[in-house]
Amino acid sequence: MHNIRVVLVNTSHTGNIGSAARAMKTMGLSELYLVDPVKAPDGQASALAAGAGDILANCKIVPNLEQAVADCGLVVGTSARSRTLSWPMLDARECGLKLVAEAEQYPVALVFGRENNGLSNEELQQCHFHVCIPANPDYSSLNLAAAVQTLCYEVRMAYLAAQNQNLADEPAQPEYPLTQELEGFYSHLEQTLSKTNFIVARHPGMVMTKLRRLFNRARPEAQELNILRGILASVDKRIDSQDKSR
């Protein structure tokens, strides 16, 4: 459970931070990351944490989501809105199961957005999966702490189920690249496609967004990502040699 972190992005109200910490602690989670909060945890946060002050005291504050999840092998972003470009989705139960299974290998993150408008499209593109809580469609408004409590409960239930299983009989989980390694691949891919003029700098369009979706959906394993980086390196080498011979 110590490998499962809750990430709150640009939270406006410190009371919500405290309530989220309380929700985490009741479900056995302790790793809280705050991305660019409007205000750092204060007295109101401590009051609403109600005994989870240790989580607030040990929370990590970072300037952007990229830093919060750089060392994670799995990132799941919460989204209540339909997006123009759909992303691989999990329901709440699947989310808990996947986080617990992959936390055996590396840190994993569950990311919550702003109280008023959630996560931006750019932030959601840094996530491998999106999760949506199937609330009443006639009144689907969940406050931040309630959303944290709901998904942390699913994590807790998945964890308890795993403890009751004979894990020795479970198939080994694939080794996936960490987020910072995946971001390195995307940067390399964009540079190489720019060299070949597949991406035109002045009119990049949605190419990289759609490629991110493709690779997030395919979810290459660490060894497969190394192969892809090798392919890009070989293309770079050929382009550079042709440029020198001109």
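## Domain organisation

The domain assignment divides the protein into domain 1 (4-167) and domain 2 (179-244), the bounds being taken from an automatic or database domain assignment. Taken over C-alpha atoms, the centres of domain 1 and domain 2 are 30 Å apart. The contact (heavy atoms within 4.5 Å) involves 18 residues from domain 1 and twelve residues from domain 2.

This is a predicted model, in which local features need pLDDT of at least 70 and side-chain atom pairs count only at pLDDT 80 or more, whereas totals for chains, interfaces and linings use all residues. Residues are numbered from 1 along each chain as its sequence is written, and side-chain values use heavy atoms, with hydrogens and water left out.

## Interface between the domains

The size of an interface is often given as the accessible area lost when the parts come together. Domain 1 and domain 2 bury about 1,200 Å² between them, and 53% of this area is on carbon and sulfur atoms. Buried area here is the accessible area (1.4 Å probe) that two parts lose on being put together, summed over both.

One salt bridge is found across the interface of domain 1 and domain 2, under the rule that a side-chain nitrogen of Lys or Arg lies within 4 Å of a carboxyl oxygen of Asp or Glu. The side chains of Arg-219 and Glu-102 form a salt bridge with an N to O distance of 2.8 Å. Six residue pairs, both residues at pLDDT 80 or more, are in polar contact across the interface of domain 1 and domain 2. A polar contact is a pair of N or O atoms within 3.5 Å; within protein, one must be able to donate a hydrogen and the other to accept it, and residues adjacent in sequence count only if both atoms are side-chain atoms.

On the side of domain 1 that touches domain 2, β4 (74-78) and α5 (92-102) each supply at least two residues. Helices (H or I, at least four residues) and strands (E, at least two) are DSSP runs, numbered from the N terminus.

## The parallel sheet

Seven strands make up an open sheet with parallel pairing, in the order β3-β2-β1-β6-β4-β7-β5; two strands pair if DSSP finds at least two bridges between them. The edges are β3 (60-62) and β5 (89-90), each with a single partner strand, so one side of each has no neighbour in the sheet.

Strand β5 pairs with β7 (residues 129-131) in the parallel sense over two bridges. Leu-90 is opposite Val-131 in β7.

## Salt bridges in the whole structure

The structure holds eleven salt bridges. In one between Asp-71 and Arg-5, the closest N and O atoms are 2.9 Å apart. Asp-71 lies in the loop between α4 (65-69) and β4, and Arg-5 in strand β1 (residues 4-9), so the pair ties together parts that are 66 residues apart in sequence.
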